Amino acid sequence: MIEAENVHFSYPNGIEAVKGVSLTVQDGEFVAIMGQNGAGKTTLVKHFNGLLKPTSGVVRVDGVETTKTTVASLARNVGFVFQNPDHQLFSETVEEEIAFALKNFGFERDVMQKRVDWALKLLGLEKYRKTSPFLLSGGERKRVALASVLAWDPKILILDEPTIGQDHEQKEKLRQFIIQMQTQKRTIIIVTHDVEFVAECNPRVVLMKEGKIIADGEGKNILTSAETLTDASIVLPQVAQVFQQLSNSTLPKNIIDIYEAKVLLCKALECKRR
Amino acid sequence: MPLVETKNLTYTYVGAVSPSIKNINIEVEKGEFVLVTGPSGCGKTTLCRCFNGLIPHFYQGTLNGEITVAGLKPTEQPTYDMAKHVGLVFQNPENQLFALSIEKDVAFGLENLGYPRAEIRRRIDWAMKLTGIYELREKSPHEVSGGQQQRVAIASVLAMQPEILVLDEPTSFLDPLSAERIFEVIRSLNKTLGLTVILVEHRLDLTAKYADRMILMDEGEVKLQGSPREVLSREEARLIGVGIPKATLLYQMLSKEGVKLDGPIPLSSDELATQLKEALERV
């Protein structure tokens, strides 16, 4: 469980990026933190693995205050994948990159090999096993960074903009993977601008603006409140945009799921199934 | 004559076993807005690197076939000459920012080409205002957010006023409203100044509506070309795994159920909503 109580954070240059955030994420929850550039999303989540310590306020991970422990010991339970993969990749080959943390955590050799194989397969990177991460495309490097964290199977997974540079198929795989993680009671926190991805996953959504939380609730409700979203520089998912415009009909407004949309429209238009 | 033309363009990186792009034959006319899409790793970025000669001058490897850009051969011209004609915005903004202040970064290209001081001032102010970073100009490009860095990268290329603007996922770090604003700016430069735009994107929900033409790549090859409506309505587009805009997809799902809407396949939620409103009124 992650608990943030009235967290403030100022960078050394005096900019206050987080201004009094209180947030509790339960074990097994899937939360998407959304908001405009510079809203403090990344700054906030960097507190969850102790990379940043609050200027005031408290952050507890599984009951332990992050100021009373080290990033290294938090890392075993909290995996963090950065927005920009180049900030975390450094090894000669993709395989070594994924094995790095496992070695540091002292996994046995055969377990390590199994986990590396599993992570490579999961992210479709098997053919790049012996390739340098720096020869890969931007989207592929992002997947290597993700694989290197998934390999040690942390209890809490924080993904900063995981869908950047990912094509449709990779996004779908990521979604499936998140569902699988949830069944295993893993906690997943993503920071993202990708409204369509969030609409497909329908997690709890936390909206941030100027260092504060301005909305927190079920994805379906947050992603269909046009005013709140615009305030956070997020656009409505396309399905929601369509339903908001059908204002004269009796159709509901809070629809984000495309299959639900299809069923409702079919009914409204009284179409016959083939 | 097309502004950009490739004939059987094929390129293999050093140390790679197979080519990243294979037999690429494309033509881009002056003033066109072309959207290039395709799965991750399909060769989109590699193709971009050919337009301004980064391939083969900066990246070694084997390049075969022909490429002509603005009447020049990027394979023979030095990259600094190509830079006058082709502006490239990289996928990762950190790879192109280096100066001590944002303003200096935006001015760098113009200073190198020896423009007079007043002209540099005028152009960089214009570019920084268009991209919404004017207020940040004294800051270091490395102390601003990823989204702001992308705006700096776009501004520094726009300041050069190239004939051809090549953008490789230029707004991936930007929030959707900011991304839309940037695409609107690019679209208006395309319309008003006749700027030729080649945009690489996965997020078709944001970009399909701007493009005159779409090129779909897969495994290093061009698989489909045409208007976004033509390409997105083809079964191959779905099979290759392109992120079809949800409005387009919903239209397709409805027509499979026998719902006939009036109008062409929609590229945006506005287009679909209009068609649905009409259909609902008829019920």
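## Sheet in chain A

In strand 5 of chain A, A:Val61 has A:Val64 as its bridge partner. This is a predicted model. Strand 4 of chain A covers residues 56-61 and is joined to strand 5 by two bridges, the two running antiparallel.

These strands belong to an open sheet of four strands in chain A, ordered 2-1-4-5 with antiparallel pairing. Strand 2 (16-25) and strand 5 (64-65) of chain A are the edge strands; each has a single partner strand, so one side of each has no neighbour in the sheet.

## Helix 7 of chain B

Helix 7 of chain B spans residues 176-193. At 1.5 Å a residue, its 18 residues should span 26 Å, and the end C-alpha atoms lie 25 Å apart, which agrees. B:Gly194 follows the helix, with a positive phi near 70°.

Which residues of helix 7 of chain B are buried? They are B:Pro176, B:Ser178, B:Ala179, B:Ile182, B:Phe183, B:Ile186 and B:Asn190. In chain B, these buried residues pack against strand 4 (33-37), helix 6 (146-158), strand 7 (164-168), strand 8 (196-200) and helix 8 (204-207). They also pack against helix 7 (195-201) of chain A.

## Contact between the chains

Contacts link 46 residues of chain B with 44 residues of chain A. On the chain B side, helix 6, helix 7, helix 11 (246-256) and helix 12 (269-282) each give two or more residues. Helix 12 of chain B gives the most, with seven residues.

The residues on the side of chain B that touches chain A comprise 21 nonpolar, 17 polar and eight charged.

Definitions and conventions:
Residues are numbered from 1 along each chain as its sequence is written. Chains are lettered from A and ligands numbered from 1 in the order in which they are written. This is a predicted model: local features need pLDDT of at least 70, side-chain atom pairs count only at pLDDT 80 or more; totals for chains, interfaces and linings use all residues. Two strands pair if DSSP finds at least two bridges between them. The expected span of a helix is 1.5 Å times one less than its number of residues. A residue is buried if 20 or more other C-beta atoms lie within 10 Å of its own, exposed if 12 or fewer, and partly exposed in between; C-beta atoms are placed from the backbone. Two residues are in contact if their C-beta atoms, placed from the backbone, lie within 7 Å. Ala, Val, Leu, Ile, Met, Phe, Trp, Tyr, Cys and Pro count as nonpolar, Asp, Glu, Lys and Arg as charged, and the others, Gly among them, as polar.
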